[in-house]
Amino acid sequence: MLKANSHIICCIIFCLGYLAISSCSTTRTVPEGDRLYTGSAVKWENDTITKKKPNDYTNLEDGMNKRIRPNRNRKFLGMPFKLWLYNLGKEPKGKGLNYLLRKKWGEPPVLLSQAKPDYTSKVLQEYLVDHGFFQDEVASEIKYSGKKKASINYTVTPNHRYTIRSVTYLTDSSAIGKTMTYTKEESSLIVGAPYSLDSIKEERERIHAALKEQGYYYFTPDYLLVQVDSTNHGTVDLFVKIKDNTPLLALRPYRMHDITLFPDYSLDNDSASTTGTPIKYKGIYIVDSAKRFRSTVFDRSVFLRPDSLYQLSSHNITLQRLINLGVFKFVKGQFRPVRDTSVHNILGGSPNVAGTKDTTIKRISVRKDTAYTRDTTLAKTYKAMVNNSVALDSGWLDAKFYLTPYKRRSLQTELRGTSKSNGFVGSEIRITAKNRNWLHSAALLEIGLNAGLEWQTGNKSSGASNSYGLGAEVAVTFPRFITPIRGLNIRTPYVPKTRISLGYELYSRADLYNLNAYTLQLQYLWQRTAYLSHIFAPVAITYVLPTKTTAAYDSILANDPSQRAAIEKQFILGGNYTITYNNQQANRIHSWYLSGNADISGNIAGLIVPKGDSTKNILSNPFAQYERLTLEGRHYWSLGKGKQWINRLLLGYGLPYGNSATLPFIKQFFTGGSSSIRAFRARTLGPGSYHNKAVDTSALLANEAGDIKLEFNSEIRVHLASVFNVAAFVDAGNIWLQKDVPDKPGSKFELSSFYKEIAVGAGIGLRIDASIVVVRFDLATPLRIPYLPENERWVINKFNFGDPEWRKKNLILNIAIGYPF
């Protein structure tokens, strides 16, 4: 067996050696007379006036690099592995190893002959012209390296950058001209700013959107012209106008005529799904022969109304509301002009056949529009309309929305795995049955069951036992606010929701205790904008009931009475509110995540329920009374391609009163672990300068908690290669109690000294970001330990990587899924 293994090892070494020797020459397959293209570089010559690079140089440099062709051979960790694999193979004659090396795994060499430096120089010049450098020059130079390699350097001489001197809107006194004039204060063309083709495109889109908001349905950005006068010694004059040949169709405002919904539309059966008896509900026609939905479902989702002026915002809100109902997988709108408003084309048609006439016409009512007049034949274009002073009447539009529903019922199964910094691993299975259209009201009914196991591996240093959990929840989410105020419908693209849930959870630690939790919650969920969301839960009731506590757990309580709070029997009666602002986007330099949560319990019940012997009780059980506030802010700063600096501040404050001496255990603050201060194991740090040494052994559970929390994290993330990212981070913070606890000296928060009890840790991390899932490895060590004597808390000078015992206590490896923040 040993001999066989030796042969295998020798073969592996031989193969690796052959790979290294044969592929170390990246030019082995470069044809004679050609060279391997190794890339390019851009050199920016500062202009003679400012003598410095422009403020947006980083973006300009990225734009130029993206336009340089060809791209060199791809590299991983600085090595062209794909090119090496290609060089290992030979031209394949069929399927086999050579085919895999050349056609599948490898990448042929990028040759100098494929590069066109003169053409690329012109492309770079045009790009710079688009950004205001009208007199730029770009020169190229080939740099030869060795016998068979070469790169290309591009030298950019930008000269003077043109700025905007004036912006003039060439409009007339027509309705569309006046509309353009009214919106010029919001122009994206700023006097004094550098000339940019992108800003001109943005201005055309802005005017287009403003006109669409005033009924000009057929107007497009292509009908706008921005003329540039660059004869002003380094500045430009811009003239914005409507093109002379713009057709009258685009110059006329439109009003809505009939609005029809087909909520059971299917491509497989489009003729049947667009016929039936139309139902008119609050001015909207609904054709639903299968009677899948109640008419009231669409009242709060359709913001286009008959006889109203067409508005792009109402159009977009309608589409997004219909999609966000969660019951339709496809939503498509179709608009057609109407000449005779006495005819109602409700039935028939297809969203995939543009410009066809409805073959099935049903006359529901006859309405003669006495205000409508035909256009004069004096004008066919914008220029003719202005020259002949033609006034255009409003046109009319029919709107049809074709809605393809999801399957009404579904069953989903999830299997999860967990790994914790205290040595526990576990798995959980969750089964969820959904009804997307409960009671035909587009309400989402969810019935969920879950079961999980958790067990400890390693040296069992935390002293905890294996556990399992069981849970069930029933929840209904309605696509509207259910409130005493009838008809409340906020004008946003996002559907306001009301969620009512009832749940039960059993958490059992073997040989210790069982914990039962019953919850009832009423929530209002409101996405105000793309960045701002609200969650308000006026009713949030939790009842915690411990059972089957054992002698083993009693012995733990004897050494650490604070553990009793973890399974204390009580009611939590209250509500909470969360507001979140998150404007993170890939192209932003600065992004923010801000969140605030207010949680109040027992205040109303405290006013109503009389006091017993020592506490106020409901059903012979005390209820919690507290106020809890959490604030979190994150700043994401893009430092360039693949580099990001994130800073996070978390503040938590809890005030127990009345029945409660401390916050309920599930509402207390914890610190340490993979998403907190990573140099300390989860729930082993604090409160304050207190530290129970028994937590470091197997004597006690790690469950240190507090009423106040302060935490700061700073992390720099750098893209390494492929799916690999690295990070360096510093974490600081701690937790404290509101009141003195004799068994935990140093745990109370004191404004004059809390800063002396801040823990600090630092480390490095490796992240594997496969888009679908992020696997994170963070290695951290303490820099400042708050429970040591005050003059010995900084421990940087005590690092001893050669000592195994030091490494065991001070090098904390956190393995987690997802980023910490």
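Helix α2 (residues 57-67) lies across β1 and β3 and runs at about 150 degrees to β1, where contact means heavy atoms within 4.5 Å. Angles run from 0 to 180 degrees between N-to-C directions, with axes fitted to C-alpha atoms, for helices over the stretch in contact. Helices (H or I, at least four residues) and strands (E, at least two) are DSSP runs, numbered from the N terminus.

The model is predicted, with local features needing pLDDT of at least 70 and side-chain atom pairs counting only at pLDDT 80 or more, while totals for chains, interfaces and linings use all residues. Residues are numbered from 1 along each chain as its sequence is written, and side-chain values use heavy atoms, leaving out hydrogens and water.

| Helix | Lies across | Angle |
|---|---|---|
| α2 (residues 57-67) | β1 and β3 | about 150 degrees to β1 |
| α5 (residues 117-129) | β1, β2 and β3 | about 145 degrees to β2 |

The three strands form an open sheet in the order β1-β3-β2, with mixed pairing, two strands being paired if DSSP finds at least two bridges between them. At its edges are β1 (36-44) and β2 (137-145), each pairing on one side only, and the twist averages 20 degrees from one strand to the next. Strands β1 and β3 (residues 149-157) run parallel and are joined by seven bridges, with tyrosine 37 opposite alanine 150 in β3.

A search of the whole structure finds one cavity of 30 Å³ or more, and the largest cavity is lined by residues including Val297, Arg300 and Pro479. A cavity is a set of points, on a 1 Å grid over the protein atoms alone, where a 1.4 Å probe fits but cannot get out, and lining residues have an atom within 4 Å of a point.

Key. On a 1 Å grid over the protein atoms alone, a cavity is a set of points where a 1.4 Å probe fits but cannot get out, and a pocket is an open set with protein on both sides within 12 Å along at least five of seven lines; lining residues have an atom within 4 Å of a point. Grid points are joined across faces, edges and corners, and a volume is the space filled by probe spheres set on the points.
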